[in-house]
Amino acid sequence: MSFIRNVVAWMIIIVTVLLPLKFGTLAGLPEVSSYYPPDGFSWTIITWPAISFPMVSGGLLLLALAVFPVRVQGARVAWAVTVLWLLVAFVSIIGAVNASTMDYVIVYVVHIFGFAAFGAAMWLMLSNLPEFKRVVLWSIFIGAVLTAIFGIEQMFSGFEETRKFVESQEQQYGNSMSGDLKSRVWDNRVFSTFASCNSLAGYLLLTMPLCFFLFWQLGGRIEPSKISRAVFMPLLALLFGMVFFATSSRGAFLTLVLACVIFIMIFPVRRNIRIAVFILVPTVIIAGAFYIAYAGRGFNSMLVRFDYIYTSFLMFLSHPWAGTGWGDFFHEHMRLKLTVSKEAPHTAHNILMDFLSQAGIFGFAACLAAIVYPIVKIAGKIYNTARNSLFASLDSYVIFGLIAYFIHSLMDVNLQIPASMATALTLMVTMTVPDEKVKVPEGMQKSSSTLVINLLTAVVMLVAGLVAACGGFHLLKADYAFSRLSDLCSPQGKTREEYFSVTPEQVKRELENCIEVRPYSPFPWAAAADFMLSRGYPDVAEDFYNKARELSPQRSFIYFRLYMLQKAQGREAEAQKNLDIARKLFPNNADYFKDKQEKKPAIGPLKD
C-alpha cells in the first residue's frame with residue numbers, strides 16, 4: 001500500500017510540473033474548438049485543451065481517495081482551505097439558474113470543479129505524506145523555470161518561426177488569417193505556453209517569489225555559498241525578469257507595485273524599507289503612466305476594465321441571488337456597456353465580479369472566503385513564527401505571490417486558466433499543511449463527530465472527483481466532435497479545390513455527431529449554418545440558425561446572420577425584425593448600423 005500511495009503521489013507531482021506547460025490555455029469558450037493533432041508526438045510539444053484538465057484532476061482525486069485515508073484532524077487548516085474551494089465549486093452550480101446558454105454552464109462548472117478537485121487531491125496526499133511538501137514546491141519551481149525558458153525561446157526565435165509558417169500557409173492555400181489573430185502573431189509580447197501574455201504574467205507573479213526563495217536556499221548549500229548565490233541568483237532574476245517584462249502586461253506591473261505596498265502594510269518591515277517603498281511606488285506609477293500615455297498602448301484597455309465592473313454590478317442588482325448565469329456576462333455586457341466598440345468580452349476579467357455577476361451573492365461570498373481565509377492563516381503563521389525573520393521565511397515569499405496573483409485576478413481572466421488556478425490552490429494547501437504528520441489521540445480518532453466529519457469530507461470529495469472526471473471526459477469528447485465539424489466547415493488550411501470538395505452531406509454527418517454528444521450547444525448549428533449559407537443553401541442555413549437561436553436566444557450574431565439571409569431573399573419584414581433584435585442585444589456594435597446593410601446582400605460564398 002505504501003508503494004501504491006507513492007505512485008499516486010508522484011502522479012500528482014508530475015501533473016504539478018506540467019500545469020504551466022500543458023494547461024495554460026483558456027477555459028470557458030465553448031464556441032471555439034481546441035486543436036487535436038493527428039499524431040502522438042505533437043501532443044508532447046503542444047499545450048493541451050483547457051477542458052481536459054478536469055478529467056485529469058478528477059481522476060487524480062479519485063485515485064487519492066482510493067489510497068489515502070481522509071483524516072481531517074491532522075491538517076485542519078489545510079482541510080478548511082480545501083473545503084472552501086470545494087464549496088466554491090458546488091456554489092458555482094447556482095450559475096445555471098438564469099443562464100440562457102447551457103453550454104457555458106457546463107463548461108464553467110466542470111472547470112471550477114476541476115481545479116477544486118486538484119486542490120483536494122493535493123490535500124489528501126500532503127496530509128498523509130507531509131514529507132512531500134518540499135517536492136511539491138520544487139515541482140512548481142521546475143514548471144515555472146521551464147515556462148520562462150520557453151518564453152525566452154519565443155522571444156529570440158519563436159515569433160519569427162510562427163510568422164514564416166503563417167505566411168507560407170497563406171501562400172499555399174490562398175487564405176488570409178483573421179485580423180485579430182494575425183495582429184497577435186505579429187505582436188512581440190511573450191506568452192510562452194499560456195493563452196495570453198497577461199495570463200503568463202499572472203502566473204509569474206504567483207510563482208516568482210517562491211522560485212527566488214528556493215534558489216537562494218539551494219545556493220546556500222553550494223560552498224562557498226556567497227559566491228554561488230552571487231553567480232546563480234542574477235541568472236534566475238535575468239531569466240524571469242526578461243520574460244516578465246516581455247509580457248508588456250501593464251496590469252501585472254501595477255499588481256507588483258500594489259503587492260509591495262500591501263505586504264509592507266501587513267507585516268512589520270524595517271523603517272528604511274518602508275520609506276523606500278513609499279518613495280519608489282508613486283515614482284514608478286507616475287513614470288509608468290507617462291510611458292503608457294506617450295510610448296505605450298494607451299489606457300483604453302485599462303479603462304474598459306472599469307466598464308466590466310460597472311456592468312457586473314448592474315447584473316448583480318438585477319439578479320442578486322443567482323446572477324445572470326454562466327456565460328451571460330457576454331450577452332448582458334454587450335447590452336449594458338458604456339464604451340462604444342465591437343469588443344465583447346466573455347468575463348468581467350475579475351474573479352470576484354465574475355462570481356457576483358453570474359452566480360450571485362453566494363458565489364461571490366464563497367469565492368471571497370476561499371481567497372481570504374488561506375492568506376489570513378499564512379499571515380498569522382508568519383506573525384507567530386517568523387515575524388523577526390520576515391525575509392528568511394518561505395511563508396513570506398509564498399504569501400507575497402498569492403497576494404500579487406489575486407490582485408492580478410481582479411484585473412484579468414485568471415479564473416479561466418487551469419494552470420495558474422491549480423498552482424494557487426496547491427500553494428495554499430501546501431503552506432497550511434503541517435510539516436509533520438500530527439498525532440491525533442486514539443480517542444479523538446474514534447469519536448463519532450470525527451468519523452462523521454471524515455465521512456462527509458470523503459463523500460464531498462468523491463462527488464467532486466466524479467463531477468470533474470466525468471464532466472471533463474464529456475467536454476473533451478464534445479469538443480473533439482466540434483473540432484472535426486469546425487475543421488470541415490473552415491477554409492483555413494485548405495486550397496480552394498479542397499474546400500469546395502467538402503459536401504453538405506459530410507457537414508450534416510459531423511453535425512449529427514456533435515448533436516449526439518452536445519445537444520445543448522448552439523455553436524455546431526451555427527458553424528454548419530455558416531457553411532450552408534456559403535454554399536448557397538439558404539433554406540438549410542436558416543433552419544440551422546433557428547436551431548442555434550433556440551439554444552442561445554441572447555446571441556446577437558445569430559439574429560444578424562438571419563437578417564443577412566432574409567434580406568438577400570427579399571423578406572424585408574422578417575429581416576428587419578431580426579436586425580432590430582440584434583441591435584437591441586448589442587447596441588454598441590457599429591456593424592449592425594452600417595449603411596451597407598440597406599443594400600441587398602448576395603447569397604454565396606462568405607467573404608471577408
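This is a predicted model: local features need pLDDT of at least 70, side-chain atom pairs count only at pLDDT 80 or more; totals for chains, interfaces and linings use all residues.
Residue numbers start from 1 along each chain as its sequence is written. Local features need pLDDT of at least 70 and side-chain atom pairs 80 or more, while totals for chains, interfaces and linings use all residues, and side-chain values use heavy atoms, without hydrogens or water.

**Rings.** I searched the whole structure and got 34 aromatic pairs (Phe, Tyr or six-membered Trp rings with centres within 6.5 Å; planes under 30 degrees apart are stacked, over 60 edge-to-face, the rest tilted). Tyr-499 is buried at 11% relative accessibility, and Phe-500 is partly exposed at 35% (buried is under 20% relative accessible area, exposed over 50%, partly exposed in between, with a 1.4 Å probe and protein chains only). I also noted one aromatic cluster made of Phe-263, Phe-267, Tyr-383, Phe-391 and Phe-400.

**Charges over rings.** Back at Tyr-499, I found the charged end of Arg-535 over the ring, 4.8 Å from its centre (the test is Lys NZ or Arg CZ within 6 Å of the ring centre and within 35 degrees of the ring normal). Arg-518 lies over the face of Phe-482, 5.0 Å from the ring centre.

**Helices.** I checked helix 4 (residues 76-91) against helix 14 (residues 351-385): their axes come within 9 Å and cross at roughly 170° (axes are lines fitted to C-alpha atoms over the stretch in contact, with angles from 0 to 180 degrees between N-to-C directions; helices are DSSP runs of H or I, at least four residues, numbered from the N terminus).

Key
Helices (H or I, at least four residues) and strands (E, at least two) are DSSP runs, numbered from the N terminus.
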